Amino acid sequence: MALPPAAPHRQLKHRRSIDLAVYARGDGLWEVDARLTDVKTRDFPLASGVRAAGEPVHDMTLRLVVNERFDILEAGAESHSVPYPGHCEAYGDAYARLVGLNLLKGFRHAVKERLGGVQGCTHITELAQVLPTAVIQAFAGEVIHTQESSETRPFQIDRCHALRADGETVRLYYPRWYR
C-alpha cells in the first residue's frame, strides 16, 4: 500500500488543515471542537478583495456538546475568516440543527439533509462529516469498551476491514469473537 511517489519538484499552493479536539467536561458531557482552515501560499484575488499569502481564506470552528451515548445536546459554528465577509458567516444558528442527532445513527445523512447546499456553509457542513470517528477515538477506552471481556464484545469489531469478525485480526487478538 505505497503512496504514489511525490514529484521531485512540486510547489505547495494550498493547505487545508482540519483540527479536532475532544474535551471531557466535569459534568459528564464532552465538547468537540472541529476547526477547518484554508491557506494559500500566494496572494489570492477574491471578489471581496485580495487575501494575502499565508492569511486564511477560511477559518471556521464547529463545536458540539455530546453525551456518552453520542447524542448531540448543543451545537454551533463560528466563522473567523471567510472569502465574503458579512455574508459567508450569515448562516445564523443553522448548526443548532445538529442538536438531537446521534453521531452513530445516520449522522452523516442527517447532516446533508439539514445543512446541505444553501442551508449551511459548505465547509462547515463538510467538516461535520469527520466528527463521528473522532469522537469514537476520544471515547475509546474511557466510554467505549475496546478490550475483550467475558460478556462484552469489543466495540470496534466489524467497524473496519481489519477488524472483520471473520478476519485474521479478530482471530488473533479477539479469538472469542471470531466467526
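Three aromatic pairs occur in this predicted model, that is, the structure holds 3 aromatic pairs. Rings of Phe, Tyr and Trp (its six-membered ring) pair if their centres lie within 6.5 Å; planes under 30 degrees apart count as stacked, over 60 as edge-to-face and the rest as tilted. The rings of Trp-30 and Phe-139 have centres 4.7 Å apart and planes at 55°, so this pair is tilted. Trp-30 belongs to strand S2 and Phe-139 to helix H3, and 109 residues separate them in the chain. Helices (H or I, at least four residues) and strands (E, at least two) are DSSP runs, numbered from the N terminus.

The rings of Phe-70 and Phe-139 are also tilted, because their centres are 4.9 Å apart and their planes stand at 50°. Phe-70 sits in the loop between S5 and S6 and Phe-139 in helix H3, so the pair ties together parts 69 residues apart in sequence. Trp-30, Phe-70 and Phe-139 form one aromatic cluster. Trp-30 is buried at 6% relative accessibility, and Phe-139 is buried at 0%. Phe-70 is buried as well. Here, buried means under 20% relative accessible area, exposed over 50%, and partly exposed in between (1.4 Å probe, protein chains only).

The model is predicted: local features need pLDDT of at least 70, side-chain atom pairs count only at pLDDT 80 or more, and totals for chains, interfaces and linings use all residues. Residues are numbered from 1 along each chain as its sequence is written, and side-chain values use heavy atoms, with hydrogens and water left out.

Nonpolar residues come next. The largest nonpolar core has 32 residues. Such a core is a set of buried Ala, Val, Leu, Ile, Met, Phe, Trp, Tyr and Cys residues joined through side-chain atoms within 4.5 Å. Leu-64, Ile-72, Tyr-95, Leu-98, Leu-103, Phe-107 and Leu-131 touch the most other members. The elements giving two or more residues to this core are S2, S5, strand S6 (72-81), helix H1 (107-115), helix H2 (122-128) and helix H3 (131-139). Beyond its neighbours within four places in sequence, Leu-64 is in contact (heavy atoms within 4.5 Å) with residues including Trp-30, Val-32, Ile-72, Leu-98, Leu-103 and Leu-131.

The structure holds 11 salt bridges. A salt bridge is a side-chain nitrogen of Lys or Arg within 4 Å of a carboxyl oxygen of Asp or Glu. Arg-25 meets Asp-27 in one of them, at 2.6 Å from N to O. Arg-25 also forms a salt bridge with Glu-31, with the closest N and O atoms 3.1 Å apart. Arg-25 is partly exposed at 26%, as is Glu-31 at 22%. Asp-59 pairs with Arg-35, and their closest N and O atoms are 2.6 Å apart. Asp-59 lies in strand S5 (residues 56-66) and Arg-35 in strand S2 (residues 30-40), 24 residues apart. Asp-59 is buried at 11%, whereas Arg-35 is partly exposed at 36%. Arg-16, Asp-38 and Glu-126 are linked in a network of salt bridges.

Lys-40, in strand S2, is buried yet has no salt bridge. The nearest side chain of opposite charge, Asp-38, is 7.2 Å away; Lys and Arg count as positive and Asp and Glu as negative, while His and the chain ends are not counted.
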